[in-house]
Amino acid sequence: MAVSDPTHAAVRHATTRDCFLALREADGPLTVAEIAAGTGLSRPTVDSVLRDLAATGLVVTAPPGAGGQPGRPARRIALDPGSASVAALDIGSRTVRCVRADAAGTVLSRSAVPVAGGGIADAVLAAVRETGGAPRSLGVSVPGIIGPDGRIAHSLVVPELSGHDLAGTLHDRLGCEVVVENDIKLAAYAERHLGASAQDIVFVQIGHRISVAVIVGGEILQGSHRLAGELGAQRGMRWTPSSQRGRLVWSTGDEARPLLERAAAGDAAARAELEEFCAQIAPRLAGLLLAVDPEVVVIGGGVSRAGETLLAPLRRALHHQLMTPQHPEVVAARRPGDGSLLGALGRAFEHGSAALIGVPGVPPPWHRLNPALREDHP
C-alpha cells in the first residue's frame with residue numbers, strides 16, 4: 001500500500017484501519033453499504049480499501065446470504081482470521097511459554113517448554129514450533145533490561161540473554177515480525193488494557209524480587225535510554241534490609257506464600273512482618289508516586305493473590321508517606337500469572353499490524369485476548 005504523499009498516506013491508513021476494525025468486530029460478513037454506514041466512509045472509498053485488504057489475504061468475499069430480496073444479492077465481505085496468526089513468548093529461567101492467536105484474537109494453541117540442556121534458544125524455538133510454526137508477528141516478554149538498540153542489555157534472571165539481539169535472531173530464524181520487551185513493562189501494558197480507565201499507572205511486581213513499570217498517558221514510559229522504572233539498576237539499591245542481591249527474604253525463606261497464609265488466618269507475627277515489609281518499601285515507592293502522580297498503583301506478582309492481606313498494610317504505609325490529600329488507588333493486578341504473556345500478545349498485534357494488513361498501530365483485540373488467555377501459571 002505504497003502512497004508517496006504523507007497526508008494521503010495518513011488518510012489511507014486511517015480508512016483502512018476503520019474498515020478492518022469493522023470487519024474484525026462484526027459477528028459475520030458485512031456488505032459494502034454496511035461497512036460504509038458503520039465507518040462513515042463513502043462506498044467508493046470502502047471499495048478501494050477492500051481491494052487493498054483482499055491483497056493481504058485477510059479479507060475475503062463471503063457466500064451470498066440467504067434472503068428473499070429480488071435482484072442481485074449484495075456482495076458480502078468477511079475477515080478470514082485463519083489466514084494469519086500472531087504469537088507471544090514469555091521467557092523465564094525454567095520455562096518458555098508460547099500462545100498463538102488468529103488474526104481476530106481467538107487463542108488457537110499454547111505450549112510450555114522447560115529450559116533444558118539446549119538452553120533458552122532451543123526452548124524458545126520449540127515453544128513456537130509446538131503451537132504451530134512461525135506466526136506473522138511475534139511478541140516476546142523477557143526478564144531483563146532492553147537497551148536503546150533493542151538488544152537485551154542485562155538479565156539477572158536469565159544471564160545468557162544479556163547482550164543478545166533476540167529480536168534479530170528470531171526474525172532470521174522464523175521470518176516474521178518480532179518485538180521484544182521487558183516482562184514487567186508488558187504486564188503493566190496488559191493491565192492498562194484490561195478495562196481500567198486509568199491513563200497513568202505505576203505497576204509494582206512483587207515476587208522473588210520487586211520490579212516497577214510506569215504507564216503515562218496510556219503508554220509504557222521508556223525514557224531516553226529505556227531505563228524508566230528500572231530502580232534495581234541503582235548502585236546499592238535494596239528494597240529491604242534483608243534483601244540479598246535483590247531477592248526478597250522472608251521469615252519463611254524465599255517463598256512468601258506460607259507467611260501470607262498465616263497472616264490471612266490472623267497470625268499476629270505474620271501480620272507484623274507484612275506491616276514491616278510494607279513500611280520498608282513504601283518510601284521508595286512514594287518517591288516514584290510523587291514523581292509520576294499516577295491514578296492507580298497496581299500490585300502484581302504472586303503475592304498480589306493475597307488481596308487485602310497485603311494491599312491493606314501497603315496502602316496504609318504509602319498513604320503515611322504522602323503528605324497530600326490525594327492518594328492513588330492501590331489495587332491487585334487482574335492477571336498476576338499471565339500479564340506478561342498477554343502483554344506480549346497485545347504488542348505482537350500492535351507491532352505486527354503493518355505486516356498483517358499494511359497499516360501500523362492497529363489496536364489489538366483485547367476483548368477477545370483477555371478472557372481467552374486464562375492463567376495457567378502460578
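Modeller: Two strands are said to pair if DSSP finds at least two bridges between them. Please keep in mind that this is a predicted model.

Biologist: What is the bridge partner of Ile 206 in strand 12?

Modeller: Strand 11 (residues 201–206) pairs with strand 12 in the antiparallel sense, over six bridges. A hairpin of three residues joins strand 11 to strand 12. The bridge partner of Ile 206 in strand 12 is Ile 210.

Biologist: How many of the seven residues of strand 12 are buried?

Modeller: A residue counts as buried when its relative accessible area is under 20%. Strand 12 (residues 210–216) is largely enclosed by the rest of the structure, because the number of its seven residues that are buried is five.

Biologist: With which residue does Arg 226 form a salt bridge?

Modeller: Arg 226 is found in the loop between strand 13 and helix 7. The closest N and O atoms of its salt bridge with Glu 181 are 2.9 Å apart. Glu 181 lies in strand 10 (residues 177–182), so the pair ties together parts that are 45 residues apart in sequence.

Biologist: What is the phi of Arg 226 near?

Modeller: Most residues other than glycine have a negative phi. Arg 226 is a residue other than glycine, yet its phi is positive, near 60°.

Biologist: Is Asp 293 buried or exposed?

Modeller: Asp 293 lies in the loop between helix 8 (268–292) and strand 14 (296–300). Its phi is also positive, near 55°. The cut-off for exposed is over 50% relative accessible area. Since the value for Asp 293 is 59%, Asp 293 is exposed.

Biologist: How far apart are the closest N and O atoms of Arg 75 and Asp 47?

Modeller: Arg 75 is in the loop between strand 2 (59–62) and strand 3 (76–79), and Asp 47 is in helix 3 (residues 43–56), 28 residues apart. Arg 75 counts as partly exposed at 39% relative accessibility, and Asp 47 is partly exposed at 25%. In their salt bridge, the closest N and O atoms are apart by 2.5 Å.

How values were computed. Residues are numbered from 1 along each chain as its sequence is written. This is a predicted model: local features need pLDDT of at least 70, side-chain atom pairs count only at pLDDT 80 or more; totals for chains, interfaces and linings use all residues. Side-chain values use heavy atoms; hydrogens and water are left out. A salt bridge is a side-chain nitrogen of Lys or Arg within 4 Å of a carboxyl oxygen of Asp or Glu. Helices (H or I, at least four residues) and strands (E, at least two) are DSSP runs, numbered from the N terminus. Buried means under 20% relative accessible area, exposed over 50%, partly exposed in between (1.4 Å probe, protein chains only).
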